[in-house]
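Hi,

Here is the structure I promised to hand over. Please open it first, then read my notes below.

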Amino acid sequence: MSKSPLLEQPHAQLKQSGGLRLSLAIESSTRDASLVLADCGEPIQHIPLNPQFRTAATISEAIATLLAKAEEIGHPLDYVAVADGPGSFTGLRIGVTSAKTLTYALGCRLIGVDSLAAIASGLWESFPDAQEVIVALNAYRSQVFAARWTPQQWRDASSTGDFTAQSDVWSAEQWSDELAKSSATTIVGVEAILAKRLNSLKKSSPGASSPIPATVVTVEPSAHQVAKLAHQLALMGRFASPMELLPRYLRDSAAEEKLG
């Protein structure tokens with residue numbers, strides 16, 4: 001399969017950042033997986049994986065491409081970052097396993113990044129005056145993986161490096177309740193399938209009576225946002241042990257629920 005980098009920047013000289021410069025980030029929490037080689041969190045080369053193929057079948061080629069780019073630059077990877085959940089069971093398992101294998105093989109460090117927080121970081125950049133940010137991914141079975149952030153909660157997480165506390169699994173009823181509590185200053189970032197449903201609902205009930213006062217924005221998980229948030233964590237020394245980092249599923253798989 002031919003490679004299709006979305007973004008490739010010439011990089012004659014890397015930025016200086018306390019020895020934490022070059023990273024490879026993996027985002028595989030949904031079918032639209034991607035990888036990026038980044039300099040201080042900013043993308044050098046970004047490769048989306050074709051969602052028509054299994055992530056396990058395409059991720060190795062993308063990793064090899066980015067490692068070749070790092071070799072061309074002439075600087076070893078300082079760390080590998082990976083979205084460790086919540087999200088697709090299979091996707092997270094492949095992403096985390098690939099990241100851990102890379103750190104063992106290359107002798108570099110590892111950072112786990114909350115997949116919802118990575119999306120939220122991009123929303124805060126785009127909507128700095130928002131009074132609230134809600135991020136959600138389709139969890140199927142009438143559920144969503146969701147996180148609700150106020151500016152103060154985001155500032156607190158940015159000071160401690162703990163971006164996992166807000167992430168949870170919401171039922172369809174809770175999802176509706178949380179949206180009903182939103183306001184015109186709330187930004188709701190959701191993947192395309194959820195955005196389509198919410199926008200249809202807003203159009204069916206326009207004006208003050210709308211069940212969703214918030215602004216709905218379509219977002220997709222991106223390795224670029226994982227890399228940016230990971231760089232912030234790296235500067236705080238929030239590295240993970242490859243032996244201990246596991247995907248954060250936040251719930252049992254369908255098979256495990258049946259066994260239970």
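F239 is partly exposed, at 26% relative accessibility. "Buried" means under 20% relative accessible area, "exposed" means over 50%, and "partly exposed" lies in between (1.4 Å probe, protein chains only). Y79 is buried, with a relative accessible area of 0%.

Before going on, note that this is a predicted model: local features need pLDDT of at least 70, side-chain atom pairs count only at pLDDT 80 or more, and totals for chains, interfaces and linings use all residues. Residues are numbered from 1 along each chain as its sequence is written, and side-chain values use heavy atoms, with hydrogens and water left out.

Now the rings. The structure holds seven aromatic pairs. Rings of Phe, Tyr and Trp (its six-membered ring) pair if their centres lie within 6.5 Å; planes under 30 degrees apart are stacked, over 60 edge-to-face, and the rest tilted. Helices (H or I, at least four residues) and strands (E, at least two) are DSSP runs, numbered from the N terminus.

W149 and W154 form another edge-to-face pair, at 4.8 Å centre to centre and 80° between the planes. Both are buried. Ring pairs also join W124, W149, W154 and F163 into a cluster.

R109 lies over the face of F239, 4.3 Å from the ring centre. The cut-off: NZ of Lys or CZ of Arg within 6 Å of the ring centre and within 35 degrees of the ring normal.

Next, helix α2 (residues 89-106). Its 18 residues reach 26 Å from first C-alpha to last, close to the 26 Å expected. The expected span is 1.5 Å times one less than the number of residues. Buried residues in α2 include F89, L92, V96 and L102. Among the elements covering the buried residues of α2 are α1 (55-73) and β6 (109-114). G107 follows α2, with a positive phi near 70°.

Finally, the whole chain. The protein chain has eight helices and 11 strands. Of its 260 residues, 51% count as buried. Residues 24 or more positions apart account for 72% of the contacts (heavy atoms within 4.5 Å) with a separation of 6 or more.

Best wishes
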